[in-house]
Amino acid sequence: MKESLTCYSLKKLEEIVSHFGEPSFRAKQIFDAIKKGKQIDEISNISKSLKEKLKEKYVSIPVEIYKKLVSKDGTIKYALKLQDGEIIECVVLSYSYGRTICISTQVGCRMGCAFCASGLNGLVRNLTCDEMVGEILIVNKDLADGNSREITNIVLMGSGEPLDNYENVTKFLRTISSKESLNISQRNISLSTCGLVPKIKQLADEGFSVTLTISLHAPTDEKRKQIMKIANSYTISEVVDASKYYFNKTGRRVVFEYSMIENFNDSFVDAENLSKLVGGFPSHINLIPLNSVKEKGLIGTPKKKIYAFREKLENLKVSASIRRSLGADIEGACGQLRNKLLKNTSQN
Ligand code: SAH
């Protein structure tokens, strides 16, 4: 695999161009072009010979668009190809205030949640910081030809468990929120985790201020263990304590994701148990209709019952909302990203 220039500082690029005997202002031209999502061949203001020299050793962005699907509701799903041929997916959701990109943090996932398609084939590998930044730059270029910033918000909710790839993900967070890069405020970034307790605390201790989103999905340990392997490592009360710790350090309200599974976690007793867990600190519950996984007998709760569940939570003074499910027709909705399968299908 070639070295990637995506996250190189201007200074580092200056060293590279001077090594090729070029004036240092070329480095700034390359730096600006990378921010606009350009591959080396697309950088119009540098000479052909410099491009050739650079391409021998480097790529500017280690990600390219492989397939693009647009949903009836405007949601766009991209399949992106990495240098080693692995395929990852990311999804762009359009709102009145801007566009949110949902990026992947790993190829596959080893958390093994029963309802999630990302982990069907286990973990293949971690994504590098450059690959995660690359997802955003390449998609931003496709949406706006790189001239304006189309992407306003980022959610780390694609394939993978971000806190299981801690070093690369935190490097990514620092990079993408820096002035030299896209300058996307950490307040506009959500990191979703199934609850790796020590890593949540580390994130807080290291001064990050992203919105922490916890995939809870069950109101008791007994139920959570039935659908999430991670529940065998950390109890719900440990996860909630880590969330409080994060809130106390960052002042950021924590969001709990609760995918609703018919006749499993959608009764009023479940709502009562849930309300007891999350009280006492600023948090919010996102109710998501489960995208059914019929093979496993896991069916999404019908809309009417979800509304009743939310009302019950509101009566219990718990802040909750129902997440719209976008992009279902292009398999771009929550938990539907199955990159390995996509790769296999396309090769057959
Ligand atoms: N590993 C991280 C990031 C994945 S984010 C995490 O667990 O949070 C994807 C979100 O979609 C998670 O909240 C996940 O639990 C949820 N999800 C997975 N499969 C789903 C499905 N079939 N229906 C609804 N939500 C699902």
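Into which domains is the protein divided? There are two to look at: domain 1 (3-59) and domain 2 (63-347), with bounds that come from an automatic or database domain assignment.

1. A word on the ground rules. This is a predicted model, in which local features need pLDDT of at least 70 and side-chain atom pairs count only at pLDDT 80 or more, while totals for chains, interfaces and linings use all residues. Residues are numbered from 1 along each chain as its sequence is written, and side-chain values use heavy atoms, with hydrogens and water left out.

2. The C-alpha centres of domain 1 and domain 2 are 34 Å apart. Their contact (heavy atoms within 4.5 Å) draws 12 residues from domain 1 and 16 residues from domain 2. Between them the two domains bury about 1100 Å², of which 55% is on carbon and sulfur atoms; buried area here is the accessible area (1.4 Å probe) that two parts lose on being put together, summed over both. On the domain 1 side, C7, K35 and K36 supply 46% of the area buried against domain 2, more than any other three residues.

3. K141 forms a salt bridge with E42, and their closest N and O atoms are 3.3 Å apart. Helix 2 (residues 25-35) gives three residues, the largest share of the side of domain 1 that touches domain 2. (Helices, H or I of at least four residues, and strands, E of at least two, are DSSP runs numbered from the N terminus.)

4. The ligand site. Have a look at the 17 residues that surround the ligand, the closest being F115, S192, S215, H217 and N291; a residue counts if one of its heavy atoms lies within 4 Å. E161 places a polar side-chain atom 3.0 Å from a ligand nitrogen.

5. A salt bridge to inspect. The structure holds 18 salt bridges, and one of them pairs R125 with D84, the closest N and O atoms being 2.8 Å apart. R125 lies in strand 8 (residues 123-126) and D84 in the loop between strand 4 (76-82) and strand 5 (87-95), so this pair ties together parts that are 41 residues apart in sequence.

6. The surroundings of F247. This residue sits in helix 8 (residues 236-250). Beyond its neighbours within four places in sequence, F247 is in contact with R252, R253, V254, F281 and P282.

Terms used:
A salt bridge is a side-chain nitrogen of Lys or Arg within 4 Å of a carboxyl oxygen of Asp or Glu. A polar contact is a pair of N or O atoms within 3.5 Å; within protein, one must be able to donate a hydrogen and the other to accept it, and residues adjacent in sequence count only if both atoms are side-chain atoms.
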